[in-house]
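Subject: Structure for your review, with notes

Dear colleague,

My notes follow below it.

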Amino acid sequence: MNPRDFTPRPGLLADRVIMITGASSGFGRALALACAGAGAGVILCGRNSAKLEGVYDEIEALGAPQPAIALLDLATAVAADYDGLAQIIQNEFGRLDGLVHAAALLGDRSPIEHYDVPTWCKVMHVNLTAPFILTQVLLPSLRKSTDASVIFVSSGVARNQRPFWGAYAVAKTGLESLRDMLSQELEAEANIRVNSVNPGRMRTAMRAAAYPAEDPNTLPAPATVTGVFLYLLSADGRSAQGGYFDAQA
Ligand SMILES: NC(=O)c1ccc[n+]([C@@H]2O[C@H](COP(=O)([O-])OP(=O)(O)OC[C@H]3O[C@@H](n4cnc5c(N)ncnc54)[C@H](OP(=O)(O)O)[C@@H]3O)[C@@H](O)[C@H]2O)c1
């Protein structure tokens, strides 16, 4: 079976605690709803409390396990914010079974020659450095799980460099390196797997910003590309370690 064809069973993620960054909108929101629908207790991580509360309400309306909200602005968070979040997760849940890094910024679409330096720094920080820090501070909670899964959300531009994608493409390429390195470092720990998934083109605000002339109705909804993610977050994906996956054909 190709993981992209994976169809979740009811209760697939029952009793799992899964944190998703960027859960306020776009793909992160869709994945949060899918994980909750499959029985997970989802920690909705994002920077906008009103949007996160909206997703929280949607999950409650599904009758899914009660979610939690973790407010964290990845552009401005300092060490105490990361440590505080890690401490709360350890105290409240005692472990973390899944961590999905879905939050990201597009930044500028411009030639390197003219790329705005402060924008470059912000995109590199939100898209690459923040996932590194979050993974680092949450490793103790991931180690407490019997079956933990870390997923970095990748992009086609990480493997196929094209002009004008700037810091976004460089950060996504860096995430691939981080995934590879971390999975090798954790090789001896059979209870933690680290993978990356390119969700492919989806009908979201980021895609609309990158391709303003494109008709969004020609794009798949984010909810339709969650299969590989649910596979990797579930016991079914236990043997997947250090891999790169495409969520769409
Ligand atoms: N859409 C595509 O076609 C496509 C293709 C390949 C890969 N991807 C990847 O898929 C993932 C989701 O993208 P998307 O299309 O859903 O994009 P999106 O609609 O723009 O959503 C991005 C998410 O990141 C959050 N975010 C941005 N800056 C943040 C910050 N400083 N702190 C915390 N959260 C922050 C946003 O929060 P707010 O709601 O507060 O803005 C939002 O939840 C990204 O990793 C993206 O690179 C997307």
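Arg162 is placed in the loop between strand S5 and helix H5, and at 36% relative accessibility this residue counts as partly exposed. Leaving out residues up to four places away in sequence, Arg162 touches Gly156, Val157 and Tyr211. Please bear in mind throughout that this is a predicted model.

Two further residues of that loop deserve a note. Phe164, which also has its place between S5 and H5, shows a phi near 75°, a positive value in a residue other than glycine; its relative accessibility of 45% makes Phe164 partly exposed. Ser155 sits in the loop between strand S5 (148-153) and helix H5 (166-185) as well, but at 10% relative accessibility Ser155 counts as buried, the cut-off for that term being under 20%. Once its neighbours within four places in sequence are set aside, Ser155 is in contact with Tyr168, Lys172, Asn198 and Tyr244.

H3 has 15 residues and spans 21 Å from its first C-alpha to its last, close to the 21 Å expected at 1.5 Å a residue. Which residues of H3 are buried? They are Tyr82, Leu85, Ala86 and Ile89, and because they cover an arc of only 95° around the axis, they lie on the same side of H3. The face turned away from the buried side of H3 carries the exposed residues Ala79, Ala80, Ile88, Asn91 and Glu92.

As for what the buried residues of H3 meet, they pack against strand S1 (17-21), strand S2 (41-46), strand S3 (68-71) and helix H4. After H3 comes Gly94, with a positive phi near 80°.

Helix H3 (residues 79-93) and helix H4 (residues 117-143) pack at an angle of about 35°, their axes being 9 Å apart, and the crossing of H3 and H4 is right-handed. On the H3 side the contact is made by Tyr82, Asp83, Leu85, Ala86, Ile89 and Gln90, while H4 contributes Ala130, Ile133, Leu134, Val137, Leu138 and Ser141. By class, the residues of the contact of H3 with H4 divide into nine nonpolar, two polar and one charged.

Within H4 itself, I would draw your attention to Asn127, which is buried, with a relative accessible area of 2%. Not counting residues up to four places away in sequence, Asn127 touches Ala104, Leu105, Tyr168, Ala171 and Leu175; Tyr168 is also one of the residues in contact with Ser155. Asn127 and Thr204, which are 77 residues apart in sequence, are 17 Å apart in space, C-alpha to C-alpha.

The loops on either side of H4 complete these notes. In the loop between strand S4 (98-101) and H4 we find Asp116, which at 33% relative accessibility counts as partly exposed; its C-alpha atom is separated by 28 Å from that of Val197, 81 residues apart along the chain. In the loop between H4 and S5 lies Lys144, which at 53% relative accessibility counts as exposed. Lys144 touches Gln90, Gly94 and Arg95, residues up to four places away in sequence not being counted. Lys144 and Ala102, by contrast, are 42 residues apart in sequence and 23 Å apart in space, C-alpha to C-alpha.

Conventions: Residues are numbered from 1 along each chain as its sequence is written. This is a predicted model: local features need pLDDT of at least 70, side-chain atom pairs count only at pLDDT 80 or more; totals for chains, interfaces and linings use all residues. Side-chain values use heavy atoms; hydrogens and water are left out. Axes are lines fitted to C-alpha atoms, for helices over the stretch in contact, and angles run from 0 to 180 degrees between N-to-C directions. Helices (H or I, at least four residues) and strands (E, at least two) are DSSP runs, numbered from the N terminus. A crossing is left-handed if the near helix is turned anticlockwise from the far one by less than a right angle, and right-handed if clockwise. Contact means heavy atoms within 4.5 Å. Ala, Val, Leu, Ile, Met, Phe, Trp, Tyr, Cys and Pro count as nonpolar, Asp, Glu, Lys and Arg as charged, and the others, Gly among them, as polar. The expected span of a helix is 1.5 Å times one less than its number of residues. Buried means under 20% relative accessible area, exposed over 50%, partly exposed in between (1.4 Å probe, protein chains only). The arc is that of the directions from the helix axis to the C-beta atoms.
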